[in-house]
Amino acid sequence: LEGLLGDITLCALLGVRPVLVVSLEGRLLGRLDAEGVSSEGPCSLDRLAADASMLRLAKEEAGAVTAELEGILSRLGSTWRERRRACGNEQSHMESFSVYSSSQLFSTVPQKAKDSSEEGLLGKVVKVDEAQINRRLLDHDMVCMVPLGIGSGGDVRCVRSEDLATEVAKQLQAAKLVFFTKGQRIVDVRRRQHVVAALQVKDAASFVKHAAETQRFASDEQAQDILLYLELLIAALAHGTRRGHLIDTTQGALLQELYTTDGRGTLISQDLYDGIRLADSSDVAGILEVIEPLVQKKLLRRRSGYEVESACRRREMFVWKRDDTTLGCASVQCFEDSPDMAELGCFVVSPECRGKGHGTVLLAYVERVALLQGLRTLFLLTTQTMQWFVERGFCEATLDELPESKQRSYDLGRSSKIYVKRLDSLPSEVMERFSFVEVDTLD
């Protein structure tokens, strides 16, 4: 827990304004075991909330977990500030560090537990106090919410922490909603169990629907957790949350997911980076138009419409479109005599998009697709813009490092320099959509 909270603290110091929603279910079940209370059948919040005797335990655990979090977070915040001062950097996004928690931050209405005709103590979130939460965040407080809310009659009710987090994200129009898993991960079984780094909402919804129709994970509790998270992330994104994440609680995982290009878990997004996709024949004219200025400057060799269309048919050409405008393109050509190596070519971003990070995003997408295709090395030939590629991990190479078929067709007259990049340890932040995914657990 302390490792995860350390990551959250560092994110806060870097300018993230987090709202933490903690779960009481595990702690309540632990208390039941400690007090020798047994029950037949599986225990869940539905079962616990149907028993009024649980209210005392829920309140006690809510107070205990809040005090525990406040203590750890305050200590970690002080530690990080001391380290910054020791390094001569006293500037921070958070001049003070405090944790704010209150049961008045959301209101509830009664909700019946599953397989029960009684309402018990279970509630449903109906309203989140957005104004109060935003004030606290602007005051550099870290908001901590426990799943105990006040009803209209002043009664305290338990809500599912996952539901509470989702409602908070919806009503705050949060930039991100992050669910921390118990080690489960979504993997692509076709790609040697590679973790699925990104899914569009529609693909996540298709996966959830497929799992429900086939009952594929009906008896797998860990997979059911992931399916629940996906359903809630889909709902949150439909109401304005920009992105959702599934991450394990390993120390450093949150930082890796948020601040590195390869990430750590699975990203769920509405739109996969403004429409980067495999090009088809309808994109040929736009591709020729966007590359023409560089052809005129002799920075890119001229390609015919037939050549571009052939690359599209071979599924080698990628295009980035917004509405009917082509923002950029890139090709990835594979070689039979070197199956783990491919050439990155026709890499162009329109002049209107240059200097805005579009090139980096397009390159990241291409790298991820190449990695998923089993490629381990990308190379490119260029007469200009070498420094841009060097800054993104490419290194100068020699002709004899290329596939033999490429060596034979190399144009000595252009004096192109050769750059290569290994992809094994640097997967990028974007990937193709998945149709066949599985739920796995960390070793």
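**Ground rules**

I number residues from 1 along each chain as its sequence is written, and I use heavy atoms for side-chain values, leaving out hydrogens and water. Since the model is predicted, I ask for pLDDT of at least 70 for local features and 80 or more for side-chain atom pairs, while totals for chains, interfaces and linings use all residues.

**Entry 1: the core**

I started with the largest nonpolar core, which has 30 residues. By nonpolar core I mean a set of buried Ala, Val, Leu, Ile, Met, Phe, Trp, Tyr and Cys residues joined through side-chain atoms within 4.5 Å. Buried is under 20% relative accessible area, exposed is over 50%, and partly exposed is in between, with a 1.4 Å probe and protein chains only. Leu5, Ile8, Leu69 and Leu73 have the most contacts inside this core. The elements that give it two or more residues are α1 (2-13), α2 (25-34), α4 (54-86), β5 (141-145) and α9 (253-259). I take helices (H or I, at least four residues) and strands (E, at least two) as DSSP runs, numbered from the N terminus. α4 gives the most, with 9 residues. I then looked up Ile8: not counting residues up to four places away in sequence, Ile8 touches Pro18, Leu20, Met142 and Leu254, where contact means heavy atoms within 4.5 Å.

**Entry 2: the rings**

How many aromatic pairs does a search of the whole structure find? I got 8. Rings of Phe, Tyr and Trp (its six-membered ring) pair if their centres lie within 6.5 Å; planes under 30 degrees apart are stacked, over 60 edge-to-face, and the rest tilted.

- Phe318 and Tyr365 are edge-to-face, because their ring centres are 6.0 Å apart and their planes at 70 degrees. Phe318 is in strand β15 (residues 317-322) and Tyr365 in helix α12 (residues 358-372), so this pair ties together parts 47 residues apart in sequence. Phe318 is buried at 1% relative accessibility, and Tyr365 is buried at 4%.
- Phe347 and Phe389 are also edge-to-face, with centres 5.8 Å apart and planes at 65 degrees. Phe347 is in strand β17 (residues 338-349) and Phe389 in helix α13 (residues 386-390), so parts 42 residues apart in sequence are tied together. Ring pairs link Phe347, Trp388, Phe389 and Phe394 into a cluster.

**Entry 3: helix α5**

Which residues of helix α5 (residues 130-138) are buried? I found Gln132, Ile133 and Leu137. Seen down the axis of α5, these buried residues fall within an arc of 135 degrees, so they line one face of the helix; the arc is that of the directions from the helix axis to the C-beta atoms. Their cover includes β1 (19-21), β2 (98-101), β4 (123-128), β5 and α6 (161-172). His140 follows α5, and its phi is positive, near 70 degrees.

Lys406 lies in helix α14 (residues 404-409), and it is buried at 12% relative accessibility. Its side chain makes a polar contact of 3.0 Å with the side chain of Glu343. A polar contact is a pair of N or O atoms within 3.5 Å; within protein, one must be able to donate a hydrogen and the other to accept it, and residues adjacent in sequence count only if both atoms are side-chain atoms. Leaving aside neighbours within four places in sequence, Lys406 is in contact with Phe335, Glu343, Phe379 and Leu381.

Glu167 is in helix α6, and its side chain joins that of Lys170 in a polar contact of 3.3 Å.
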